[in-house]
Amino acid sequence: MTCLDFENRVHELLDHRQTELPDELSAHAAHCAACHDLWRDLQQLQHAVEAWQAVSPTAALADAVLQRLTVEFKTTADTQIVTTRPACSPLTGFMVLLASAAALLVALGIGWRFSSNATYANRQSSSATAVAANQPATSSAPVTDRQLDVLLHDARDAYVALASQAWQEVSTTNMLLPPADAATPFNVDDPAASVPETLSRPLAPYGRELRDAVDSWLQQVFQNQDSST
Amino acid sequence: MNVDVSEVELVQGCLAGEVACQRQFVERFEGMIFGLCLRMLGRRHDAEDVAQEVFLRAFRNLHRWDRERPLRPWLLTIAANRCRTHLEERGRRPIPTDLQADWLPERRRPDGRDDAEEFQQALATLRPEYQQCFVLFYQQELSVQEVAEVLDCPDGTVKTWLHRARKEMAEYLRKRGIDQD
């Protein structure tokens with residue numbers, strides 16, 4: 001047995017809290033001064049450890065811990081209450097704002113969609129034929145309900161605009177035209193001879209026909225609008 | 001609450017916020033925790049402060065304790081970590097003379113030295129990991145495996161640290177003449 005073996009064996013014994021040397025190790029220590037001194041030092045250390053006095057804290061340790069524990073839990077609860085609102089970070093606020101805006105847009109879109117469907121649902125069937133007739137048949141893509149609503153909107157606006165413009169034209173013209181039963185006040189063969197200055201020269205020869213045509217056209221427009229609305 | 005309640009029941013009471021259980025918890029383990037802190041830090045005032053921190057941390061993390069394992073090594077792990085952190089914060093500076101071993105008894109040898117003081121001084125000369133290993137093994141009477149679990153290192157490392165701690169401590173005490181009595 002070497003001295004290194006002796007040292008390792010001794011420490012293994014001490015690791016298992018054994019304080020007696022086996023015969024093999026005792027025999028080695030008996031004729032090896034270094035190992036004998038090592039074993040003596042370790043025994044002295046063992047005695048010092050056994051004399052290690054137990055220490056105890058002050059009696060107030062438990063009170064101090066419980067007091068700090070109470071303060072900590074109270075502070076934690078207060079902090080949680082206080083920090084409920086500031087806990088919202090700028091990013092969170094922005095996300096909330098964005099979500100609110102998105103929700104508002106969706107709500108508006110849904111509302112507009114239902115409104116459009118309710119307003120133009122009846123017109124789709126009656127005006128579909130007229131719209132289809134007015135639309136060029138160049139596009140082979142299917143027309144969606146949404147596109148059809150837009151087209152109906154545009155058609156309605158166009159009809160109203162045309163009717164308004166035509167009505168203004170007719171009103172102006174009626175002011176210039178003579179009564180229907182009145183005799184022609186001028187000589188058609190020689191229009192420049194006796195045409196009053198208040199009459200429009202270009203329209204004068206066609207007063208009755210023009211008025212009848214405009215009336216007929218307006219009646220058709222208004223009938224279409226009544227049926228659509 | 002029964003005095004001899006098991007650790008699990010004690011922990012459940014603490015988690016439920018029962019002050020009696022919390023007090024019993026502290027009183028049951030304060031000697032162990034304070035002893036480790038005092039041996040590691042060498043000053044009673046520091047040891048009490050760190051012991052309080054250990055218990056507060058234990059209460060904060062009590063819900064994480066594995067009920068299948070004993071409570072004592074778990075608490076010692078917290079205490080060892082807190083002591084190590086305290087020593088690092090202290091910068092491993094030597095303890096001022098006037099503050100050294102203020103917990104030691106008044107019984108002194110004729111030459112003015114005290115065995116316990118010498119022993120504590122010998123312990124203070126060790127590296128922190130050797131100190132922890134030595135204190136856990138001898139004062140807390142943990143096995144090598146339990147020390148390894150507390151310090152979160154292999155058994156072989158604990159054995160090596162323990163062997164070196166013993167050797168350095170024995171040599172220091174021999175040089176200081178402790179073995180002459």
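Start in chain B with helix α6 (residues 128-139) and helix α7 (residues 144-151): they pack at an angle of about 135°, and their axes are 10 Å apart. Bear in mind that the model is predicted. At that angle α6(B) and α7(B) are therefore oblique to each other. Look along the pair for handedness: α6(B) passes α7(B) in a right-handed crossing.

Now show side chains. On α6(B), select B:Q132, B:C133, B:L136 and B:F137. Facing them on α7(B) are B:V144, B:V147, B:V150 and B:L151. Colour this contact by class and you get seven nonpolar residues, one polar and no charged ones.

**Next stop: α5(B) against α8(B)**

Stay in chain B. Select helix α5 (residues 115-124) together with α8(B). This pair packs at an angle of about 135°, with 9 Å between the axes. α5(B) and α8(B) are therefore oblique to each other. Their crossing is right-handed. From α5(B), pick B:E118, B:F119, B:Q121, B:A122 and B:L123; from α8(B), pick B:M169, B:Y172 and B:L173. Which classes do the residues of this contact divide into? Six are nonpolar, one is polar and one is charged.

**Follow α8(B) to the other chain**

Select B:R166 and A:D15: they form a salt bridge, with the closest N and O atoms 2.7 Å apart. B:R166 lies in helix α8 (residues 155-175) of chain B and A:D15 in helix α1 (residues 3-15) of chain A, so the pair joins two chains.

Move on to A:R68 and B:E53. These two also form a salt bridge, and here the closest N and O atoms are 2.7 Å apart.

**Zoom out to the interface**

Now select the whole contact between the chains. How many residues does each chain bring? Chain A gives 28 residues and chain B gives 45. Between them, chain A and chain B bury about 3400 Å². Of that area, 63% is on carbon and sulfur atoms.

Finish with the charged pairs. How many salt bridges are found across the interface of chain A and chain B? There are five. Over all chains, the count comes to 15 salt bridges.

Methods: Residues are numbered from 1 along each chain as its sequence is written. Chains are lettered from A and ligands numbered from 1 in the order in which they are written. This is a predicted model: local features need pLDDT of at least 70, side-chain atom pairs count only at pLDDT 80 or more; totals for chains, interfaces and linings use all residues. Side-chain values use heavy atoms; hydrogens and water are left out. Axes are lines fitted to C-alpha atoms, for helices over the stretch in contact, and angles run from 0 to 180 degrees between N-to-C directions. Helices (H or I, at least four residues) and strands (E, at least two) are DSSP runs, numbered from the N terminus. Angles under 35 degrees count as roughly parallel, over 145 as roughly antiparallel, 65 to 115 as roughly perpendicular and the rest as oblique. A crossing is left-handed if the near helix is turned anticlockwise from the far one by less than a right angle, and right-handed if clockwise. Contact means heavy atoms within 4.5 Å. Ala, Val, Leu, Ile, Met, Phe, Trp, Tyr, Cys and Pro count as nonpolar, Asp, Glu, Lys and Arg as charged, and the others, Gly among them, as polar. Buried area is the accessible area (1.4 Å probe) that two parts lose on being put together, summed over both. A salt bridge is a side-chain nitrogen of Lys or Arg within 4 Å of a carboxyl oxygen of Asp or Glu.
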